[in-house]
Amino acid sequence: MRRSDEFERAAAHAAGLEDWNAAVANAVHSGISMADALAVFYLGKRSVAQAHEESVALLHQLGMDRKEIERAESHLTKLLKVKNLAEYEERLLGQRDSGQATKHLERFKAWAQGKLP
């Protein structure tokens, strides 16, 4: 969880500097780290795959309410979709992209934190 919080702070700092790509990339990594925290706590493992979609698959193994997992999965999936844009694509991201990533991160983390001690 600590790693997730660090990435979230870095995302907020980057957004404050209007470094939108860095803000989005850090928001994505914060979400991935939070998903890892859940997987470690409940399953004793975390995603080690290069494709971060495995983090989403691990959510389904947590044994929680299906609808809850689907809502959380939706936010994490939307974060993962912008990862390549932020880190590798030619198109530069903007304030709107950062705002959307932040919104999905906040919703995913709020849910996840409620599931951890």
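Guide: An axis here is a line fitted to C-alpha atoms, for helices over the stretch in contact, and an angle runs from 0 to 180 degrees between N-to-C directions. The model is predicted, so local features need pLDDT of at least 70 and side-chain atom pairs count only at pLDDT 80 or more, while totals for chains, interfaces and linings use all residues. Residues are numbered from 1 along each chain as its sequence is written, and side-chain values use heavy atoms, with hydrogens and water left out.

Let us look at helix α2, residues 20-43, where a helix is a DSSP run (H or I) of at least four residues, numbered from the N terminus. The axes of α1 and α2 come within 8 Å and cross at roughly 165°, and α1 and α2 are therefore roughly antiparallel (over 145 degrees; under 35 is roughly parallel, 65 to 115 roughly perpendicular, and the rest oblique). The crossing of α1 past α2 is left-handed, a word used when the near helix is turned anticlockwise from the far one by less than a right angle. In this contact (heavy atoms within 4.5 Å), α1 brings Arg 3, Ser 4, Phe 7, Glu 8, Ala 10, Ala 11, Ala 14 and Ala 15, and α2 answers with residues including Trp 20, Ala 23, Ala 27, Ser 30, Ser 33 and Met 34. By class, the contact of α1 with α2 has 10 nonpolar, 5 polar and 2 charged residues, with Ala, Val, Leu, Ile, Met, Phe, Trp, Tyr, Cys and Pro counted as nonpolar, Asp, Glu, Lys and Arg as charged, and the others, Gly among them, as polar.

Helix α2 also packs with helix α5, residues 95-113, at an angle of about 15° and with the axes 9 Å apart, and α2 and α5 are therefore roughly parallel to each other. Here too α2 passes α5 in a left-handed crossing. On the α2 side this contact includes Trp 20, Ala 23, Ala 27, Ser 30, Met 34 and Leu 38, which meet α5 residues, among them Ala 101, Leu 105, Phe 108, Trp 111 and Ala 112. Sorted by class, the residues where α2 meets α5 are 12 nonpolar, 5 polar and 2 charged.

Looking back along α2, Trp 20, Ala 23, Ala 27, Ser 30 and Met 34 belong to the contact with α1, and Trp 20, Ala 23, Ala 27, Ser 30 and Met 34 belong to the contact with α5 as well.

Technical notes:
Helix = DSSP H or I, 4+ residues; strand = E, 2+ residues; numbered from the N terminus.
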